[in-house]
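User: I would like to learn how to read the features of a protein model, one at a time. Could you show me the general idea first and then the case at hand?

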Amino acid sequence: MSYITILTLCSVVLLWEYALGAFDMLPRIGLGMVTLLLCALFVVVSIMPNNDKGAPGKLRQLGRGSELLLEAVVCATIVLIVFPIIGFMHVIDSAPATWVLNSFVAILVLGIVYLNGALRIALCSQQVALLFKVLLFTLCWVPVVNLLIFFAVYIPAHNEYRFGLFKYKRNLARQDQRVCGTRYPLLLVHGIFFRDWKLLNYWGRIPDELIANGATVYYGHQQSSASVESCARELAAQIMQIVKTSPHEKVNIIAHSKGGLDARFAVSSLGMDQYVASVTTISTPHQGCRFARKALENLPDALTSQVSRQYEKVFTLLGDKQPDFFGGVSELTDKVCADLNGRLPNKGGVLYQSVGTRMLNARSAGPPLNLGFEIVKTLDGDNDGLVAVRSMPWGESFQLVEPVGKRGISHADVIDQTRKDIKDFDVCELYVQIVQRLKERGL
C-alpha cells in the first residue's frame with residue numbers, strides 16, 4: 001500500500017471540504033486553483049503506475065489494482081470516521097447542503113478509485129475466482145458484506161502479485177544462465193481427453209516459464225483419446241517432423257498421464273529411440289489403473305457405447321481425425337498396462353525417469369478428481385485423484401512431490417491445469433528443475 005497515495009486521497013476529499021466551506025472566504029480565483037490542484041492530484045493517483053519497472057505489464061497492472069482497491073477502502077474508512085463530525089459542524093453552521101455536496105464528491109472520488117482497482121484485478125488476476133470478481137462490482141455498496149468481499153479478493157490478488165514478482169525477479173537473476181537451455185528441445189506430450197490447443201494450453205503457465213529460462217518447446221499433437229499405439233504413431237510423426245525441419249537431432253520428451261505410455265511405445269516399438277534423448281513421465285499409470293478395469297467391467301455396454309459416441313462426435317469437431325474413447329480408456333487398465341510393459345522394454349541410450357504427486361484428501365481437488373481420489377484410494381491407496389502412486393514410478397529415478405499442508409497436489413495441479421498458485425508448491429519451478437537436471441546431464 002502506498003502511504004503517499006492514502007495521504008493524497010484523503011487530502012483530495014478533506015481539502016475539497018475545506019474549499020467548499022471556505023467559498024465565502026476565498027476569492028474565486030483561489031477556489032479555482034484549489035479545485036485544479038485537487039483534480040490534478042486525483043488524476044495522478046488514478047493513473048500512477050506500479051513501481052516495479054521492467055516487470056510484465058499485466059503483473060504491474062495487477063499490483064497497482066490491488067493497491068488502488070486497498071487505498072480506496074482505507075480512505076473510505078477514514079472519511080466515514082471524519083465526515084459525521086464535519087456534518088455535525090455544518091448543521092450547527094446551518095450549512096447542511098455543503099456537507100451533502102461534499103459527501104457526494106467523496107463518494108464519487110473514492111468510487112472511481114475503487115472501480116479502477118477492481119477493473120485491473122478483474123482483468124489481470126488468475127487467482128481471484130470469477131464469482132468474487134462479479135461480487136466485487138455488484139455488492140460493493142452493501143455494508144459489512146463489501147468488506148468480506150474485499151478481503152476475499154484483495155488477499156489472493158496481492159499474493160498473486162507478490163508471487164509473480166518473485167518469479168519474475170528470479171528468472172531475471174538467472175537469465176544469463178539459461179538453466180533450461182538443454183542440448184535437445186523439449187517435446188511436451190499431453191494426456192487423455194485433451195488436445196494441444198493454442199488458446200487453452202494443456203500445460204498452463206509451464207511452457208512460458210521454461211521458455212523464459214532458455215528452453216525450446218514443441219508439443220506432441222496426438223489425438224485426445226485413442227489406443228496407445230495410434231497415439232504413439234502420431235508422436236513418432238511429430239518427432240520426425242521436428243528432426244527434419246529443425247537443427248535438432250533428438251528431443252527430450254516430458255509426458256503427462258497416458259502420454260507417458262504413448263511416448264514409451266514410440267521409443268520402444270517405432271524406432272524413435274534414435275531420436276529421443278530422454279523420457280520424463282509425469283503421473284503416468286505405468287502399472288495401470290485398477291479402477292479403470294473395474295469401471296469397464298461393471299458399466300453397462302449401452303452406457304459405454306453412448307458415452308463413446310458422444311465423445312467422439314464432439315472431439316471430431318474439435319480436430320481429432322479418428323477419436324476412440326474406448327480404445328484410449330481400455331488401455332489404461334492394470335491388465336493391459338502389464339502386457340504393454342512386457343512389450344515395451346527401455347531402450348539403451350535413452351534416459352527414463354518419472355515424477356508423481358498425491359492428494360491428501362478429497363478436498364484437494366474439485367470434481368471429478370475429488371470423487372476419483374476416494375475410489376482409487378479404496379482400490380490402490382495413495383493417489384492424485386486418478387493415478388495411484390504405486391503405478392507412477394518408471395525408469396532410473398522416481399520423484400514423489402510430497403504435498404505441503406493439508407491440500408495435496410492433484411493430477412491436474414501437476415500440469416498447472418487449474419492455473420492456481422498452491423502454497424509451498426511452485427509447479428512451474430518443478431519443471432524448471434526437471435529440465436535443468438537434463439541440461440546438467442548434457443541432454
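This is a predicted model: local features need pLDDT of at least 70, side-chain atom pairs count only at pLDDT 80 or more; totals for chains, interfaces and linings use all residues.

User: Let us begin with the helix α11; how many residues does it have, and how far does it reach from its first C-alpha to its last?

Analyst: Helix α11 runs over residues 301–317, which makes 17 residues, and it reaches 25 Å from the first C-alpha to the last, close to the 24 Å expected at 1.5 Å a residue.

User: Which residues of α11 are buried, and where do they lie around the axis?

Analyst: The general idea is that an α-helix has 3.6 residues a turn, so residues three or four places apart point the same way. In α11 the buried residues are T304, S308, Y311 and F315. They cover an arc of only 75° around the axis, and therefore they lie on the same side of α11. What covers these buried residues includes α12, residues 325–330, whereas A302, K313 and L317, on the other side of α11, are exposed.

User: What should I look for in the backbone angles?

Analyst: Most residues other than glycine have a negative phi, and most peptide bonds are trans. Just after α11, the glycine G319 takes a positive phi of about 125°. S283, a residue other than glycine, also has a positive phi, near 50°, and its place is in the loop between β4 (276–282) and α10 (290–298). R419, again not a glycine, has a positive phi near 55° and is found in the loop between β6 (397–401) and α15.

User: Are S283 and R419 buried or exposed?

Analyst: Buried means under 20% relative accessible area. S283 counts as buried because its relative accessibility is 0%, and R419, with a relative accessible area of 14%, is buried as well.

User: Which peptide bond is cis?

Analyst: The peptide bond from P367 to P368 is cis, with omega near 0°, and P368 has its place in the loop between β5 (351–357) and α14 (369–380).

User: Finally, how many cavities of 30 Å³ or more does a search of the whole structure find, and which residues line the largest cavity?

Analyst: Rolling a probe the size of a water molecule over the atoms shows where empty space is left. Here the search finds one cavity of 30 Å³ or more, and the largest cavity has a volume of about 50 Å³. Its lining consists of F163, K167, R205, K420, D421, I422, F425, D426, V427 and C428. The elements that give two or more residues to this lining are α6 (145–173) and α15 (427–440). By kind, the lining residues divide into five nonpolar, no polar and five charged.

Notes. Residues are numbered from 1 along each chain as its sequence is written. Side-chain values use heavy atoms; hydrogens and water are left out. On a 1 Å grid over the protein atoms alone, a cavity is a set of points where a 1.4 Å probe fits but cannot get out, and a pocket is an open set with protein on both sides within 12 Å along at least five of seven lines; lining residues have an atom within 4 Å of a point. Grid points are joined across faces, edges and corners, and a volume is the space filled by probe spheres set on the points. Helices (H or I, at least four residues) and strands (E, at least two) are DSSP runs, numbered from the N terminus. Ala, Val, Leu, Ile, Met, Phe, Trp, Tyr, Cys and Pro count as nonpolar, Asp, Glu, Lys and Arg as charged, and the others, Gly among them, as polar. The expected span of a helix is 1.5 Å times one less than its number of residues. Buried means under 20% relative accessible area, exposed over 50%, partly exposed in between (1.4 Å probe, protein chains only). The arc is that of the directions from the helix axis to the C-beta atoms. Contact means heavy atoms within 4.5 Å.
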